[in-house]
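Hello,

Here is the structure I promised to pass on to you.

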Amino acid sequence: MAKAQFLERARAPMANAQLQAALIAATERLLKGRENVFADKEMYAALRNRGRAIRENVLDHLDEYLNQFADKVQSAGGVVHWAATREDAVRVVLDIAKRRGVKLAVKSKSMVSEEIELNHSMLAEGIDIVETDLGEWIIQLAHEPPSHLIVPAIHHTKESVAELFDKRTGRSVPREIAGLTRVARETLREQFLSAGMGISGVNFGIAETGTLTLVTNEGNGRMVSSLPPVHIAIMGAERVVPTWEDWAVLLKLLTGSATGQRISTYVTTITGPRRSGEADGPEELHVIILDGGRTHVLGTKYRESALCIRCGACLNVCPVYRETGGHAYGWVYSGPIGAVITPLYEGLDKYGDLAYASSLCGACLDACPVKIDLPRMLLELRHDQAEGNGTKSWLERLVFRGYRIIAASPALYRLAAQAGKIVQIPIARRGRISSAPPPLAAWTQGRDFPALASRPFHSRAAELGLEEKSK
Amino acid sequence: MTMPAAQTEFLARVRDAIRRAPAWHTSPMIAPMLPKGDGGVERFATALGAVGGKVYKPADDAEAVAKILEIASAHSARRVGLIEGLAMSGLGIREMLERAGIEANAVHFQAWQTREGSEEKARVAIKQFLASADMVISGADCAIAETGTLILLAGPGNPRSATNLPPVHLALISSNQIVPALSDAVSFLRAAAGHASCVTLITGPSRTSDIEQISTIGVHGPGELHVIIRN
């Protein structure tokens, strides 16, 4: 049942030629940049090993590092809020906004804020919240969720962006990219200067000094953390790192893997609110540390999903993502990492089909800067579903039970292969089966099935110089 | 994880007794300095050039000053914000700009407080000035050759938004402020976190590729970054 949902959501994007071209262009561009930055393979291997070790260590001692981080944030004058659930995190933001009488909040790109659906709750309370990352602003104007971790508006063209900007500004904006960028600068500049609250995510929280790091290219992360009188930073609990040395390693892995940059244009490191004698920076700095299902994963075979640094490299290499784009995945995170964490956070019953949105080719594991074994976890998710009740059809169970009996006996296997060759006669053409009868018809809709060879491999083993072994 | 009550009370007693001043007032920050002429300048210039920053290496002070004026004129700058910086001293930048009919103001919070009469008025005035400035001139506290990065500590003379609001950012650095790699700046950054509420690493002009994957500059931060390296 769940299986049909991903396919359903994938249908429209796969029929959209513009999106198909944009997906290829974007992912290729990001991958090429990544290759350039990590051209020194030996150095990259060392950096990757180090990155993995740092992240493992963080998860091993997460309680201690979080405690240290929170202590340091507080001694620098910040306020720390522990949010066990998404609702808790939203409530903290709303309470602060109401206390301060905030009418408008500006936000820099934050996946965690998408996770807690903050915009929805703010708007429901009558507080305006504006996305300030250009891509995020575009999809906010279009009322859409992001379709890529790093390039959220990948599916838009300059024409569709111009139409959205026309509507927002009430005039006719230029139809070229530099002009559109200028419109965004001017329109959002007013919002930065008048907002009562800035909201951001946290790329890394450095425990030893209680420092938040924001990584942006546009400079909006700097705006939201310097101009409004209140800054709220929402951090996934796993994003803490012990030291500045560790931070430097992960920062390189993040920007190199995400956008192919040696470092992003702006790396903002914030330790506390503005201090006495400073002209700007927020009076209040709040850090919300979100669990939101993370600790639930830590003690399980899915633990390593929490090593993720949200670079998006696994999306760019994924042959499935590159066809479907992000919206097909149905929740905030897409690509292979989304296929793993979405069912974990949102329920296997609802999103279990995402585990099948993969060819298990392993490209995501190769691309991951902290070597998360995503294919293994996708298989585990399939396993969990097969073990669960009612998620597999009786037919599939029957087929696999039969296959187990046949494959365990050489005599039965040979017999079955002979039978198969006879059965396939009406449908096999030139070694291929192009349209199989139900229930295999769905499989051959988009590809051929190789027909059984006239002489099976095991009977050719002797002439190929291989020894046939049987138990 | 939680401290025993005795330990918490003990440490609180110690803290109360010390009554230390906030850490950031204790001493000025000293950034790492390298011997001149180790090739860092070239690597810095190449790396920053690759991401769209412009780098100049004037032979002497007169040439540096001329370059500043040239950049200001090229943008028909009428208003320029000045941030104090090590590599800016002794050039008489403010006087030079004023002679050219350009309004040049140091954005030092205390000076504006005295002028405006209150903290709140000074805050608003500085924000308005920076939002309407055509250009900002700053120093840097450290620079990284590998990536072409400037490191700036926020403080009374360097508001966080001063290098982000104006459309053009011109920075002057000294060649011995350039360290080879990010890893060489790590201990400086750790120490800086105790001194400044905000430390920013800047590598090139503000940039986006969010519309059709076309790289476009100047979306929120400065669209131009110029760096003058003094020997």
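A definition before the helices: axes are lines fitted to C-alpha atoms, for helices over the stretch in contact, and angles run from 0 to 180 degrees between N-to-C directions. Helices (H or I, at least four residues) and strands (E, at least two) are DSSP runs, numbered from the N terminus.

This is a predicted model, in which local features need pLDDT of at least 70 and side-chain atom pairs count only at pLDDT 80 or more, while totals for chains, interfaces and linings use all residues. Residues are numbered from 1 along each chain as its sequence is written, chains are lettered from A and ligands numbered from 1 in the order in which they are written, and side-chain values use heavy atoms, with hydrogens and water left out.

Helix packing in chain A

In chain A, helix H20 (residues 394-407) packs against helix H21 (residues 410-423) at an angle of about 120 degrees, and their axes are 6 Å apart. Ile405(A), Ile406(A) and Ala407(A) of H20(A) make this contact (heavy atoms within 4.5 Å) with Leu412(A), Tyr413(A) and Ala416(A) of H21(A). By class, that gives 6 nonpolar residues, no polar and no charged ones.

Helix H9 (residues 158-169) and helix H10 (residues 177-194) of chain A pack at about 35 degrees, with axes 11 Å apart. Residues of H9(A) in this contact include Val161(A), Ala162(A) and Phe165(A), and those of H10(A) include Leu180(A), Val183(A) and Ala184(A). Here the classes are 7 nonpolar, 3 polar and 2 charged residues.

Chain A against chain B

The contact takes 70 residues from chain A and 55 residues from chain B. Between the two chains about 5,300 Å² is buried, 55% of it from carbon and sulfur atoms; buried area is the accessible area (1.4 Å probe) that two parts lose on being put together, summed over both. In chain A, Arg185(A), Arg222(A) and Arg275(A) lose the most area to chain B, together 13% of what that side buries.

The interface of chain A and chain B has 4 salt bridges, each a side-chain nitrogen of Lys or Arg within 4 Å of a carboxyl oxygen of Asp or Glu. Arg190(B) and Glu245(A) meet in a salt bridge at 2.7 Å, N to O. On the side of chain A that touches chain B, H10(A) gives the most, with 10 residues.

One more salt bridge

Over all chains the count comes to 36 salt bridges. Arg322(A) pairs with Glu28(A) in a salt bridge, the closest N and O atoms being 2.8 Å apart. This pair links distant parts of the chain, helix H15 (residues 321-324) and helix H2 of chain A, with the two residues 294 residues apart.

Best wishes

Technical notes: Nonpolar A, V, L, I, M, F, W, Y, C, P; charged D, E, K, R; others polar.
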